Amino acid sequence: MKGLVIKNTGSWYTVLTDDGQLIDCKIKGNFRLKGIRSTNPVAVGDRVTVGEGDWITEIEDRKNYIIRKSINLSKQSHILAANVDQAMLVVTVVNPQTSTTFIDRFLASAEAYRVPVILVFNKTDLLDEDMRRYQEAMVNLYHTIGYECYQISACNGDGVEVLQPLLKDKITLLSGNSGVGKSTLINCLVPGASQRTAEISDAHNTGQHTTTFSEMIPIDLSLPLSQSKGFLIDTPGIKGFGTFDMEPEELTSYFKEIFHFSQDCRFSNCTHTHEPGCAVLKALEDRYIAESRYQSYLSMLNDKDEGKYREAY
């Protein structure tokens with residue numbers, strides 16, 4: 001029996017079968033040993049085969065996935081979601097502040113696996129004049145690079161209506177730091193979803209993890225689940241985003257503007273750090289490449305230094 005994994009609680013996987021059943025499944029221990037270096041070899045969004053006893057026996061080939069290093073196990077990865085049409089990264093400039101390094105790491109990972117990303121700047125209702133200028137500068141930066149950007153307030157609904165058409169008939173991964181308002185946004189986008197929300201932790205100015213597992217939420221709750229085409233994949237809030245299995249020579253191509261200028265470098269194996277005739281360093285000097293993006297690139301080049309990814313980027 002074949003189906004779609006729509007929920008992952010860590011030990012159980014809820015599968016929506018092709019004939020419309022919902023089955024809670026497990027995976028056998030030896031399934032984890034088949035060359036999959038992941039804390040969750042089965043991810044939400046996977047197409048799977050369910051065998052006798054409700055065991056998942058096979059994963060179909062994935063068209064893409066979003067992956068990061070496991071926080072606890074440096075040699076393993078954690079797959080946020082598989083087979084997605086797009087990702088929607090929710091960021092905030094205040095309460096909490098999302099760093100550009102975190103954004104850039106997420107974008108680079110998405111580029112590596114060919115997942116389009118939409119940036120959603122939430123909590124516009126909390127911005128003072130200086131914060132608003134800073135957010136506008138960030139929006140301008142990422143829009144210039146080629147990413148869609150939207151400014152909203154999920155709390156009062158401002159701007160949320162422009163996001164809804166973007167979700168139609170698509171599987172969309174919703175991600176972001178803890179506390180940026182993903183659950184509140186889901187409640188706006190899918191009335192009746194009743195996602196739990198929590199207050200920001202005043203002690204640390206970071207979010208509490210209100211989502212503890214990944215789940216696919218149908219966009220149109222009026223339809224039977226088996227007829228749903230559009231889904232939001234809600235994932236636990238993440239504090240850091242360690243990149244996984246990226247070779248230094250590949251990294252340039254995951255930064256759109258750096259790749260553009262790298263075509264004119266004197267050396268084909270240029271690392272864009274010190275080489276003579278480096279067009280990227282020249283573009284950085286001429287401010288065609290943002291310093292924040294270049295610093296993110298350098299931090300990912302240095303990811304071979306174990307432990308870097310553990311920091312709260």
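A disulfide is a pair of cysteine sulfur atoms within 2.5 Å. By that cut-off, a search of the whole structure, which is a predicted model, turns up zero disulfides.

**Cysteines**

- C155 takes part in no disulfide, and the nearest cysteine sulfur, which belongs to C188, is 8.4 Å away.
- C155 counts as exposed, because its relative accessibility is 66% and the cut-off for exposed is over 50%.
- C278 is likewise in no disulfide; its nearest cysteine sulfur, that of C270, is 3.7 Å away, and a disulfide needs the two sulfur atoms within 2.5 Å.
- C278 is buried, because its relative accessible area is 8% and buried means under 20%.

**The loop between β8 and α1**

- The loop between β8 (86-91) and α1 (100-112) holds P96, and N95 lies in this loop as well.
- N95 and P96 are joined by a cis peptide bond, with omega at about 0 degrees.
- N95 has a phi near 55 degrees, which is a positive value in a residue other than glycine.
- N95 is partly exposed, with a relative accessible area of 26%.

**The loop between α1 and β9**

- R114 is located in the loop between α1 and β9 (117-121).
- The phi of R114 is near 60 degrees, a positive value in a residue other than glycine.
- R114 counts as exposed, because its relative accessibility is 72% and the cut-off is over 50%.

Note on methods. Residues are numbered from 1 along each chain as its sequence is written. This is a predicted model: local features need pLDDT of at least 70, side-chain atom pairs count only at pLDDT 80 or more; totals for chains, interfaces and linings use all residues. Side-chain values use heavy atoms; hydrogens and water are left out. Helices (H or I, at least four residues) and strands (E, at least two) are DSSP runs, numbered from the N terminus. Buried means under 20% relative accessible area, exposed over 50%, partly exposed in between (1.4 Å probe, protein chains only).
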